[in-house]
Amino acid sequence: MRISKMLMPTLREVPSDAEVISHQLMLRAGLIQKVAAGIYNYLPLGYRIIRKIEHIIRREMNRAGAQEALMPFAVPSELWRESGRWEKYGRELLRFQDRKGADYCLGPTHEEVITSIARAFLRSYKQLPQNLYQIQDKFRDEIRPRFGLMRGREFIMKDAYSFHDSLESLDAEYQNMRAAYCRIFEACGLKYKVVEADSGNIGGSASQEFMVLAENGEDALLSCAACAYSANVEAARSMPEKQRAAAGGQLKEIATPDQKTIEEVAAFLQIAPEKLIKTLVYYYKVGEKEDYVLALLRGDHQLNEIKLKNYLRADIVLLAEDSVVEKITGAPPGFCGPVGLRNIRIIADECLRDLRGGAAGANKKDAHLLNVEAGRDFKLDEVADLRQAAAGDKCPRCGAPLKAIRGIEVGHIFKLGSKYSEAMNAVYLDQNGDSKPFIMGCYGIGLGRTAAAAVEQHFDERGIVWPAALAPYHCVVIPANLKDPELLKAAEKIYQELLAAGVEVLLDDRDERIGVKLNDMELIGISSRLVLGKMLAAGQVEFRLRGASDNELLPAASAAAVVLKKLAELK
């Protein structure tokens, strides 16, 4: 391709609204253009990268036995009402009406549509398992779209869905997809981790995320260096610490005027924060049922709301308003505790199981209780892992310290079970002729996020350093002086030789200064360059791989062959 004929709008300045390096460089390199908040054009160079990611995904999904289909972007509300998500999904679901007044949404995900396909065409266990995938636009009306392609509203996604007649079959396909995803991200040249994750709005019994490791990653992860355990902080577990033995004693009320926070109360009572009971009142809703719950943690721990929501199997959990807290406990926040409360459900974090000699709010203003003992002074009917795991906590598998790292989610795989098939009456006939709901799996990859994550992991002070598999072009031939016919002739010859050899090559025939040309190619991340300048008189051209610090002189006569060999070594 001749650059003079290309749309390649590079920028010298960093756009003011671009916060992360991938957003900055992809805008500056002319790969994407903002249309609206969270909505972008993929310009020609950017779309080449997306197409390369698509090719890798298709190759590995087909290799894994999945079949490609294509589902509609606009989805009728009837399907979402069947699953119950029309009301539950929230404002991220962009709803609209057609000219007849019928309700539709722009698909943020396609569990309902794919389940309707299975319901229509998969009749017997003999047709199972099946795995169908698509590569298609999605739309989620994010509250705060940011970071370019990392958190957009419209995005390109590969989503796959599998159908099974047993949990064993689902487990086998889940591992098949896990292996396929590993091959995909390895082929993309990315360093990644597979981590335990929360299933979120998709639902299901288990899920894992594929995280590209990057210092500026938007997701916080906890990882164990001693074993294979890694998890998103939303789902991370840690080994519960046993409370140190303490002498028992009778409950004692003590005045704590204006001491509300954990830090203030601990200092006032001269006890460690871990001896305090943090008491939180939460509103929750399950279907049509609404209620309040008391969540208890050690004073030095933070509540993980996702864990609480999952334990309650709730659609919504919200911290109760101060007026509600006072109505339920008799005290304002900061002075409430579990002792003496009878008419509210109590769930204690597992680290409180052996608490003795603790302290808690006395359920009256400006007062706390000392010598609180779990099980004696308040009930422990429900104990669960509610706390936010943190760096330094013990790994739940081996006990070694967990370390904090950051990553970018590029893929997610789920064991859905029969959540959607039961809701939508999608059934097959088993070996006994009985109707059974399909057991399902779900497997997604964000293509734009994968491209952005690659930039976050591969860049330098001059621009993007693409992994070879994703680079928009692998070589650029640059004549330093367009007014020199010998340079032009030699550049054209090498360019044609590389084209004939199947190299994705550019010829920079722009009437620009050599510095502008070199800066543009480094910004965009072209894998290598050949510069034809003064050394051509000696039969040599300058070669440099992107990311290298020095030029290498190659014989002009054999430059194309040498470049071909060097590019092969990159892959």
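Helix H11 spans residues 447-457 and is mostly covered, with eleven of its eleven residues buried. Buried means under 20% relative accessible area, while exposed means over 50% and partly exposed lies in between, using a 1.4 Å probe and protein chains only. Among the buried residues of H11 are Leu447, Arg449, Glu456 and Gln457. Helices are DSSP runs of H or I with at least four residues, strands are runs of E with at least two, and both are numbered from the N terminus.

This is a predicted model, in which local features need pLDDT of at least 70 and side-chain atom pairs count only at pLDDT 80 or more, while totals for chains, interfaces and linings use all residues. Residues are numbered from 1 along each chain as its sequence is written, and side-chain values use heavy atoms, with hydrogens and water left out.

Now take a partner of H11. Helix H2 covers residues 44-63, and its axis comes within 10 Å of that of H11, crossing at roughly 110 degrees. Axes are lines fitted to C-alpha atoms, for helices over the stretch in contact, and angles run from 0 to 180 degrees between N-to-C directions. H2 and H11 are therefore roughly perpendicular to each other. Angles of 65 to 115 degrees count as roughly perpendicular, under 35 as roughly parallel, over 145 as roughly antiparallel, and the rest as oblique. Ile49, Ile50, Ile53, Glu54 and Ile57 in H2 meet Leu447, Gly448, Thr450 and Ala451 in H11. Contact means heavy atoms within 4.5 Å. The residues of this contact divide into six nonpolar, two polar and one charged. Ala, Val, Leu, Ile, Met, Phe, Trp, Tyr, Cys and Pro count as nonpolar, Asp, Glu, Lys and Arg as charged, and the others, Gly among them, as polar.

Next comes another helix pair. The axes of H12 (residues 485-500) and H14 (residues 559-570) come within 9 Å and cross at roughly 45 degrees. That makes H12 oblique to H14. From H12, Ile494, Glu497 and Leu498 meet Ala559, Ala560 and Val563 of H14.

Finally, look at a single residue. Histidine 474 sits in the loop between strand S26 (463-464) and strand S27 (475-479). Is histidine 474 buried or exposed? Histidine 474 is buried, with a relative accessible area of 8%. Leaving aside residues up to four places away in sequence, histidine 474 touches several residues, including Lys52, Glu504 and Leu567. The side chain of histidine 474 also reaches the backbone oxygen of alanine 468 at 2.8 Å.

How values were computed: A polar contact is a pair of N or O atoms within 3.5 Å; within protein, one must be able to donate a hydrogen and the other to accept it, and residues adjacent in sequence count only if both atoms are side-chain atoms.
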